[in-house]
Amino acid sequence: MKLDGFALAATTNDLTREPEAREAADVLEFRMDSAQDPIGQLREYDGTLPIIATNRTKWFGGEANDTGRLDRLAAASRFDAVELVDIELETARAMGWILDEFRQNNVKLIISHHDFNETPESKVLDALFEQCAQYGDVAKVATYPQDNDDVLRLLKAINTATNNGMNVAGISMGGIGSHSRAVAPLYGSKLGYAPLASDTSKYAPGQIPLKKLSVLVEILQTASEDVDELESLSEKLADRETFA
């Protein structure tokens, strides 16, 4: 999976629902931590969308027990359909050896940090993106805002990290931050996440259903491109007037 543009991930714990996601999603995030027989599902998977394997522990908003969690994630990374694996920053720091095993299986690494209580200050956010990028191919930071200033601070950190050459994914969670899921790609976020509309599992607060988020992202990206075209035209007209 290329990381040269924005990709929208459909989050699900049921791989048989992949056909529902094809129209709007670029990739599936398979939540192994809440799935029934996740390895069996991967073995039987015949979909066309590549997979992000996520097996989130309870400490980081998931449902997986610590025992055997990484072993199951390593097993998942051996399937051809799995192109990315999500590992928490804290896990990468403590168990760096597991990253080599994933890379031997030819998967890219999303190194993620989640703060379900607050949004850190700008210097801390910048440092978190940098630390995640040191371990993985995509640096993902998700924080919880208390007000709009918190959302703006995360968007600025996404923009800064992107300008510094990192592949990043940034999410401001909850109702206040919900709109960040649509606008973050304009600031450089490479990955967005959305559940299928009928999915009753709640993976993260403030999520927007897949098809709705896909439309919002497309509208905003198109509008942004149109603005660039207008600015370019204005510059050309200004040059013509200067040299008239």
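Helix H3, residues 69-76, is mostly covered, with six of its eight residues buried. The model described here is predicted. Its chain has ten helices and eight strands. Of the 244 residues in the chain, 51% count as buried. Look at contacts in the chain with a separation of 6 or more: residues 24 or more positions apart account for 64% of them.

**Helix H3 and its surroundings**

- The buried residues of H3 are Arg69, Leu70, Leu73, Ala74, Ala75 and Ala76.
- These buried residues pack against several elements, among them H2 and H5.
- Two strands also take part in that packing: E3 (51-54) and E4 (82-88).
- Helix H4 (89-94) is another partner of the buried residues of H3.

**Arginine 69**

- Arginine 69 sits in helix H3.
- Is arginine 69 buried or exposed? Its relative accessibility is 6%, under the 20% cut-off, so arginine 69 counts as buried.
- Which side chains make polar contacts with the side chain of arginine 69? One is the side chain of glutamate 88, at 3.2 Å. Another is the side chain of threonine 91, at 3.4 Å.

**Proline 38**

- Proline 38 belongs to helix H2.
- With a relative accessible area of 13%, proline 38 is buried.
- Leaving aside residues up to four places away in sequence, proline 38 touches Phe30 and Met32.
- Proline 38 and alanine 76 are 38 residues apart along the chain. Their C-alpha atoms are separated by 8.3 Å.
- Alanine 76 is one of the buried residues of H3.

**Helices H6 and H7**

- Two packed helices are described by the angle between their axes and the distance between the axes.
- Helix H6 covers residues 122-135, and helix H7 covers residues 148-163.
- The axes of H6 and H7 come within 9 Å. They cross at roughly 45°.
- The crossing of H6 and H7 is right-handed.
- On the H6 side, the residues in contact are Ser122, Leu125, Asp126 and Phe129. They meet Arg153, Leu154, Ala157, Ile158, Thr160 and Ala161 in H7.
- How many residues of each class does the contact of H6 with H7 have? It has six nonpolar, two polar and two charged residues.

**Leucine 152**

- Leucine 152 is also part of helix H7.
- Leucine 152 has a relative accessible area of 51%, over the 50% cut-off, so it is exposed.
- The C-alpha atoms of leucine 152 and glycine 177 are separated by 9.3 Å. Along the chain, these two residues are 25 residues apart.

**Serine 189**

- Serine 189 lies in the loop between helix H9 (180-183) and strand E8 (191-195).
- Serine 189 is buried, with a relative accessible area of 3%.
- A polar atom of the serine 189 side chain lies 3.2 Å from the backbone nitrogen of glycine 170.
- A polar atom of the serine 189 side chain also lies 3.3 Å from the backbone oxygen of leucine 191.
- Not counting residues up to four places away in sequence, serine 189 touches Phe6, Ile158, Val168, Ala169, Gly170 and Ala184.

- Most residues other than glycine have a negative phi.
- Aspartate 37 is not a glycine, yet it has a positive phi of about 50°.
- Where is aspartate 37? Its place is in the loop between strand E2 (27-31) and helix H2 (38-44).
- Aspartate 37 has 55% relative accessibility and counts as exposed.
- Asparagine 106 also has a positive phi, near 65°, and is a residue other than glycine.
- Asparagine 106 is found in the loop between helix H5 (97-104) and strand E5 (108-115).
- Asparagine 106 counts as exposed, at 70% relative accessibility.

Definitions and conventions: Residues numbered from 1 in each chain as written. Predicted model: local features only at pLDDT ≥ 70, side-chain atom pairs only at ≥ 80, totals over all residues. Heavy atoms only, no water. Axes fitted to C-alpha atoms, helices over the stretch in contact; angles between N-to-C directions. Helix = DSSP H or I, 4+ residues; strand = E, 2+ residues; numbered from the N terminus. Left-handed = near helix turned anticlockwise from the far one by under 90°. Contact = heavy atoms within 4.5 Å. Nonpolar A, V, L, I, M, F, W, Y, C, P; charged D, E, K, R; others polar. Buried < 20%, exposed > 50% of the residue type's maximum accessible area, 1.4 Å probe, protein only. Polar contact = N/O pair within 3.5 Å; in protein donor to acceptor, adjacent residues only side chain to side chain.
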